[in-house]
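Here is a short tour to read with the structure open beside you.

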Amino acid sequence: MLTDSPPRKANRAGVLESDRIRTLDLPQDGGLLAIAQSVESAMKAGTTADVRRACFDFLEAASQFYKVPDCGIRVLAARPLRVREHWTSELFGDYSPETMMIRVWMRTAVRKEITSFGTFLSTLCHEFSHHLDYQKFGFHDSWHTRGFHERTAALYHHARGTPPKRLFWVHVAGGRWRIDWPRTNRGA
Ligand SMILES: [Zn+2]
C-alpha cells in the first residue's frame, strides 16, 4: 500500500486531517463479520447476484452504523474495459462520489483469475472508506493517506475477524509513504 503524492496547496489541510485520523469507530456486535462470511459463501457457491446481495447487506449495515447515506453497489464479473474518469480506481474496484456508487469485480483483468475473498473484502472496505471520507468526514476529496489506509484496515480486520496490526510506514521518493511490511509483520 502506497500513499498518494503530496497534495497541492489547496488540498493540504484536508490531506493532513485525513492523514491524522488513524482510527475508526467499529460496531460492538458481530454483524459485519456475519455478513462478510455470507459474502465469502456467495463467492464460493453462489451467483454474482448472490455476491451483490451480500455486499449490499454489508454496505447497508456499515452505512447505518456510521450514519451515512447508503451507497450503491455493482458487482461485475470482470474488470470493466473502461474505468470511468473521476472515479477513484483500484485494481478490483472503484467509487464515484457523485453517484455514491461502488463497483467491485471478481476477476483480474489479465489472467481472469478469481479474486480471493480477502482481496475482495479488502477492496469493498477500501471503496466504502472513500464513501466515509465524503459522507462522514466531509472531505471534498478522498486521498490515499496513511490515515485512509489505517481506517480501511481497521474496518477490514473487524469484518474479517482478524486481529488488527499496527502499521509501520517508510518514506519513499516523491514524499509518499508505503507500508514497511517486515516491520509491520514483526509488530515492532
Ligand atoms: Zn482508493
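Predicted model: local features only at pLDDT ≥ 70, side-chain atom pairs only at ≥ 80, totals over all residues.

Helix α4 (residues 117–135) packs against helix α5 (residues 146–160) at an angle of about 130 degrees, and their axes are 9 Å apart.

**Helix α4 against helix α5**

- The crossing in which α4 passes α5 is right-handed.
- On the α4 side, the contact is made by F117, G118, L121, S122, C125, H126, F128, S129, H130 and D133.
- On the α5 side, the partners are F148, H149, R151, T152, L155, Y156, A159 and R160.
- Sorted by class, the residues in this contact of α4 with α5 are eight nonpolar, seven polar and three charged.

- H126 belongs to helix α4, and H149 to helix α5.
- Is H126 buried or exposed? H126 has a relative accessibility of 11%, so it counts as buried, the cut-off being under 20%.
- H149 is buried as well, with a relative accessible area of 5%.
- Which residues does H149 touch, once its neighbours within four places in sequence are left aside? H149 is in contact with M1, L2, T3, H126, H144, L167 and W169.
- H126 and W143 are 17 residues apart along the chain, and their C-alpha atoms are separated by 11 Å.

**Helix α2 against helix α3**

- Helix α2 (residues 31–45) and α3 (48–66) form another packed pair, at an angle of about 165 degrees and with axes 8 Å apart.
- How do α2 and α3 run relative to each other? They are roughly antiparallel, because the angle of about 165 degrees is over the cut-off of 145.
- The crossing of α2 and α3 is left-handed.
- From α2, the residues L32, I35, A36, S38, V39, A42 and M43 meet D50, V51, A54, C55, D57, F58, A61 and A62 of α3.
- By class, this contact of α2 with α3 holds twelve nonpolar residues, one polar residue and two charged ones.

**Strand β4 and its partners**

- Strand β4 (residues 101–105) is largely enclosed by the rest of the structure, because four of its five residues are buried.
- Strand β1 (residues 72–76) runs parallel to β4, and five bridges join the two.
- Strand β3 (residues 93–96) pairs with β4 in the antiparallel sense, over four bridges.
- R103 and F56 lie 47 residues apart along the chain, while their C-alpha atoms are separated by 11 Å.

**Hairpins and turns**

- β3 and β4 form a hairpin with four residues between them.
- M100 sits in the loop between β3 and β4. The phi of M100 is near 55 degrees, a positive value in a residue other than glycine.
- Strand β5 (residues 169–172) and strand β6 (residues 176–179) run antiparallel and are joined by four bridges.
- In that pairing, V172 stands opposite R176 of β6.
- The hairpin of β5 and β6 has three residues between its strands, and G174 there takes a positive phi near 80 degrees.

**A loop residue to check**

- K67 is located in the loop between α3 and β1.
- What is the phi of K67? The phi of K67 is near 55 degrees, a positive value in a residue other than glycine.
- K67 is exposed, because its relative accessible area of 73% is over the cut-off of 50%.

How values were computed. Residues numbered from 1 in each chain as written. Heavy atoms only, no water. Axes fitted to C-alpha atoms, helices over the stretch in contact; angles between N-to-C directions. Left-handed = near helix turned anticlockwise from the far one by under 90°. Contact = heavy atoms within 4.5 Å. Nonpolar A, V, L, I, M, F, W, Y, C, P; charged D, E, K, R; others polar. Buried < 20%, exposed > 50% of the residue type's maximum accessible area, 1.4 Å probe, protein only. Pairing = 2+ DSSP bridges. Parallel < 35°, antiparallel > 145°, perpendicular 65-115°, else oblique.
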